Amino acid sequence: MSSSDLRDNQMQRGLNQALYKYLPHSWIDFYKKVDRTPYTAYVTQWNSEEIPKEELNKNRLLLRVSRTVEEFNNHGKIKDYIFPINEETYSVRTLVPGVNSDVITEVNPLTFFCGNCSKVHSYNTSENFFRYNPNRTCTACKVGTLKQLNLVYACECGWGGPVEPIGCRVHGKDHLYYNGNFSFRCKFEPHRKIEIRRKCPSCDKKKDLYTKNALDMSNYLPKSLTMIDLVDVDLDKFLETNTDGSRIVISNWLEKINKKELNKIVKNSSKNDPDDESDRLQDLIKTYMEKLQVSEEQATMIARVTLSSESNETVVNEAVDDINQSILNLNPNNLNDLAVQFLEYDTVLNPPNSYVSTLENAIKVSRKLNTNANPEQFEQLSKKFGFKHVQASGDIPFIMASYGYTRKETDPGKATLVGFPAERKKKNIYAAKMSTEGILFELDRAAIIKWLHKNNIISEQSVPDLTNETELKKWFINHINPGAITTFSQINENTDKITYYVYNLIHSISHSLLKQSANLCGLDKNSLSEYIFPNVPGILIYCQNSQGLNIGAMFNIFEAYFDKWLESTKSAVEKCIFDPICIDRDHACSGCLYLNEVSCVHFNKDLDRRFLLGHYDRTTDDRFYGYWEDI
């Protein structure tokens, strides 16, 4: 942490922690190392470095950021962004881990008061404060020590600023004293309070602003997103550059081509240089002539067959044709989003270091631990709760990115989203890679379709073959529209009815599991987050703390208390302190399903306890059946 006179006061901060708490235009706390004096400081900028292109698919990240910022703009206001948000206009940057001397700060506010006589002192820069009063001695009484008045203003328009002396109308600022109750007083008019407030200098409304403690979280609300890192660089590149890449990846999800064939196709796609293919042909001809003792003509025929086999052209064509015939929405953006979703899901299902514990493993571990769990019930309970597959995964690769901030409010209808300042010629997005652990739930596709049919959301004719997994997967591709699921707005039930019901269901399941897992695993619920795969459909509940550490808490709850987790989740969601208003009118609220923004991917939109528990409306005589109603 540094300004020109604070280079010896650097702080050890984790990179992920910096992405939460030490971003540009925020207030932070730190200690001056020499005398351990606490100060409040303002982060002016980061002096960071560009993340190398080979370490991160910046196009994919910036596309996610662009969509999120544009959606916020559709519902509210943004400033300090430039469009389009891509590699030409934005730089994806990070700090060097360790001592973050590249977080540039200044002491702020620069208004102080004497702990003895309350006289107010003010400075125009941090440098002048340390230069002219290094001992923080009151120049009025010569006895007291100066204390920082760490109060700041913040406005929904994005402006924020420190408290400054507000002068007496007659005697100015030279004779001010601090009252200790958010007001000043003049030495010559001691009975008249001068309230510490001001008009916002930035917004059109010129709102009256009142101060809060500089470290109050509402003064600075960072906007971040996470996405699963596709560690297979070749596959990531293949999806981005190959015109049929999305179709081939989706075909793999539908099990039309297996993983081995997919890897072969990806590998061969990089060999698109005609000269390389010609060299490969000549090498094969020479090899076959020598090893098989055949003529050049015969060796050429064999070599061409080999190349044809290597290219896997027939498999590719069949896979592409199948997707073109069976997928209803062939919009390239939609196909790409689906392909990325399935690749992300596969990354969690099969993490890079295969650090996985299945339900079968959990049963064995639970027996050895001899807790009050009942491992014999794990598989039966999982099926009753409508899960097809559950596992704990470790070493899940994530990318976390911060793209801006709001003040006082997070809702786009009330707040302005502000972009970060540029460090070089381009605007900045700050990002970091982390590895974490989580529990993956794949929902039973057939069970969801039965639930939809039971509630007359879909007709009998719309029900696919419930015994055919490929047909079930195709149904969720064709009927769940990922484009209708955005961060800041609810899904339109009229235009995307099935998507509305299915997403409400899996999002409500996700929140109920996450809230209860926090009670059992010992982590704060704000350290946990959700990642939803609507077209799978699946849910990942993972650890996202500010240090980015894996401490085994998620594995422990899965392996030691899986049955207690599910049973207590059902019990907890059945009750809400705001019932019957909640279940009858709001369907979800802060008393039952709502989470803090850092944990929810969808701004607490599209949540409904009725979808889990069922509900009978006495006024309309309508009956809705819950997904967990018969448990």
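**Group meeting talk: a walk through a predicted model**

Let's start with a helix. In helix H4, which covers residues 233-241, Leu-235, Asp-236, Phe-238 and Leu-239 are buried. Why do they end up on the same side of H4? Because they cover an arc of only 160 degrees around the axis. Turn to the face that points away from this buried side, and you find the exposed residues Asp-234, Lys-237 and Thr-241. And what covers the buried residues? The cover includes helix H2 (58-75), helix H5 (245-253), helix H6 (259-269) and helix H10 (332-349). One more detail at the start of H4: a side-chain oxygen of Asp-232 comes to within 3.3 Å of the backbone nitrogen of Asp-234.

Before we go on, please keep in mind that this is a predicted model.

Now let's step back for the whole protein. It has 631 residues, and 52% of them count as buried. Its secondary structure comes to 18 helices and 28 strands. The C-alpha atoms fill a box of roughly 105 × 75 × 55 Å along the principal axes. The protein exposes about 29600 Å², and carbon and sulfur atoms supply 45% of that area. Here is a number about contacts: among those with a separation of 6 or more, 70% are between residues 24 or more positions apart.

On to the strands. A reminder for anyone new to this: strands of a sheet pair through backbone hydrogen bonds, either parallel or antiparallel. Our example is an open sheet of 3 strands, in the order E10-E9-E11, with antiparallel pairing. Which strands are at the edges? They are E10 (120-122) and E11 (146-148), and each pairs on one side only. Neighbouring strands of this sheet are turned by 35 degrees against each other on average, direction ignored. If you zoom in on strand E9, residues 111-114, you see 3 bridges joining E9 to E10.

Another antiparallel pair is strand E15 (residues 183-186) with strand E16 (residues 189-195), joined by 4 bridges.

How many of its residues are buried? The count is 5 of the 5, so E6 is largely enclosed by the rest of the structure. In a regular strand the side chains alternate between the two faces of the sheet. Look at E6 with that in mind: Tyr-90, Val-92 and Thr-94 are on one side, Ser-91 and Arg-93 are on the other, and both faces are covered. E6 also gives us both kinds of pairing. With strand E4 (residues 49-50) the pairing is antiparallel, over 2 bridges, and Glu-50 stands opposite Arg-93. With strand E24 (residues 427-443) the pairing is parallel, over 4 bridges, and there Ser-91 stands opposite Asn-428.

Next, some backbone details. Most residues other than glycine have a negative phi, and most peptide bonds are trans. Where can we find a cis bond? One joins Phe-83 and Pro-84, with omega at about 0 degrees. Pro-84 lies in the loop between strand E5 (77-79) and E6. The peptide bond from Asp-579 to Pro-580 is cis too, with omega near 5 degrees. Pro-580 sits in the loop between helix H16 (553-573) and helix H17 (581-586).

As for positive phi, Lys-408 has a value of about 70 degrees although it is not a glycine. You'll find Lys-408 in the loop between strand E22 (387-406) and strand E23 (416-418), and at 35% relative accessibility it counts as partly exposed. His-587 has a positive phi of about 75 degrees and is not a glycine either. Its place is in the loop between H17 and helix H18 (610-613). Is His-587 buried or exposed? With a relative accessible area of 17%, His-587 is buried.

Two last stops. Thr-300 lies in helix H8, residues 296-311, and its side chain reaches the backbone oxygen of Glu-296 at 2.7 Å. Ala-373, in the loop between helix H11 (359-369) and helix H12 (378-384), is buried at 14% relative accessible area. Leaving aside neighbours within four places in sequence, Ala-373 is in contact with Ser-366, Phe-378, Ala-560, Asp-563 and Lys-564.

Thanks, everyone!

Definitions and conventions: Residues are numbered from 1 along each chain as its sequence is written. This is a predicted model: local features need pLDDT of at least 70, side-chain atom pairs count only at pLDDT 80 or more; totals for chains, interfaces and linings use all residues. Side-chain values use heavy atoms; hydrogens and water are left out. Two strands pair if DSSP finds at least two bridges between them. Axes are lines fitted to C-alpha atoms, for helices over the stretch in contact, and angles run from 0 to 180 degrees between N-to-C directions. Buried means under 20% relative accessible area, exposed over 50%, partly exposed in between (1.4 Å probe, protein chains only). The arc is that of the directions from the helix axis to the C-beta atoms. Contact means heavy atoms within 4.5 Å. A polar contact is a pair of N or O atoms within 3.5 Å; within protein, one must be able to donate a hydrogen and the other to accept it, and residues adjacent in sequence count only if both atoms are side-chain atoms. Accessible areas come from the Shrake-Rupley method with a 1.4 Å probe; for residues, only the protein chains shown count as cover.
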